[in-house]
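This briefing walks through a single structure, grouped by topic, for a reader who has the sequence and the coordinates at hand.

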Amino acid sequence: MNCYLCEKEIDTIDIGAHRKLIDKCASRYMCRDCLSRELGWSREYLDGIIQMYRERGCMLFPPIKKEDL
Ligand SMILES: [Zn+2]
């Protein structure tokens, strides 16, 4: 699947972030670069928010693996 704005390939974290922050029922998604621009956030801030949700065990994101920490 690809970002509908810049057509970059997206991963499950991009999809989870879009569903969490934009639209839970979306059928097309943005990459994290476009998503942070859309929200008016820096990419670093967005990554921090995603990390927080993942640490809380949010089901929209893949579980944190040991190698991610
Ligand atoms: Zn994009």
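In this predicted model, L5 is found in the segment before α1, where 15 C-beta neighbours inside 10 Å make L5 count as partly exposed. Leaving aside neighbours within four places in sequence, L5 is in contact with M30 and C34, while the C-alpha atoms of L5 and M59, which are 54 residues apart along the chain, are separated by 25 Å.

**The segment before α1**

- E7 also lies in the segment before α1, and its phi is near 65°, a positive value in a residue other than glycine.
- E7 counts as exposed, because 9 C-beta neighbours lie inside 10 Å, and a residue with 12 or fewer falls in that class.

**The pair of helices α1 and α2**

- Helix α1 covers residues 12-21 and helix α2 covers residues 32-39, and the two pack at an angle of about 20° with their axes 9 Å apart.
- Since angles under 35 degrees count as roughly parallel, α1 and α2 are therefore roughly parallel to each other, and their crossing is left-handed.
- On the α1 side the meeting residues are D14, A17, H18 and L21, and on the α2 side they are R32, L35 and L39.
- Sorted by class, this contact of α1 with α2 has 4 nonpolar, 1 polar and 2 charged residues.

- I15 has its place in helix α1 and counts as partly exposed, with 19 C-beta neighbours inside 10 Å.
- Once neighbours within four places in sequence are left aside, I15 is in contact with I10 and Y29; I15 and C3, in turn, are 12 residues apart in sequence and 9.3 Å apart in space, C-alpha to C-alpha.

**The nonpolar core and C31**

- The largest nonpolar core has 8 residues in all, and these are I10, A17, Y29, M30, C31, L35, I50 and F61.
- Two of its members, A17 and L35, are also among the residues through which α1 and α2 meet.
- C31, another member of this core, is in contact with C3, C6, K8, I10 and D14 when its neighbours within four places in sequence are left aside.

**F61, in the segment after α3**

- F61 is found in the segment after α3 (43-55), and 20 C-beta neighbours inside 10 Å make F61 count as buried.
- Not counting residues up to four places away in sequence, F61 touches I13, G16, I50, Y53 and R54, and of these I50 is listed with F61 in the largest nonpolar core.
- F61 and C31 both belong to that core, and they are 30 residues apart in sequence and 14 Å apart in space, C-alpha to C-alpha.

Notes
Residues are numbered from 1 along each chain as its sequence is written. This is a predicted model: local features need pLDDT of at least 70, side-chain atom pairs count only at pLDDT 80 or more; totals for chains, interfaces and linings use all residues. A nonpolar core is a set of buried Ala, Val, Leu, Ile, Met, Phe, Trp, Tyr and Cys residues joined through C-beta atoms within 7 Å. Two residues are in contact if their C-beta atoms, placed from the backbone, lie within 7 Å. Axes are lines fitted to C-alpha atoms, for helices over the stretch in contact, and angles run from 0 to 180 degrees between N-to-C directions. Helices (H or I, at least four residues) and strands (E, at least two) are DSSP runs, numbered from the N terminus. Angles under 35 degrees count as roughly parallel, over 145 as roughly antiparallel, 65 to 115 as roughly perpendicular and the rest as oblique. A crossing is left-handed if the near helix is turned anticlockwise from the far one by less than a right angle, and right-handed if clockwise. Ala, Val, Leu, Ile, Met, Phe, Trp, Tyr, Cys and Pro count as nonpolar, Asp, Glu, Lys and Arg as charged, and the others, Gly among them, as polar.
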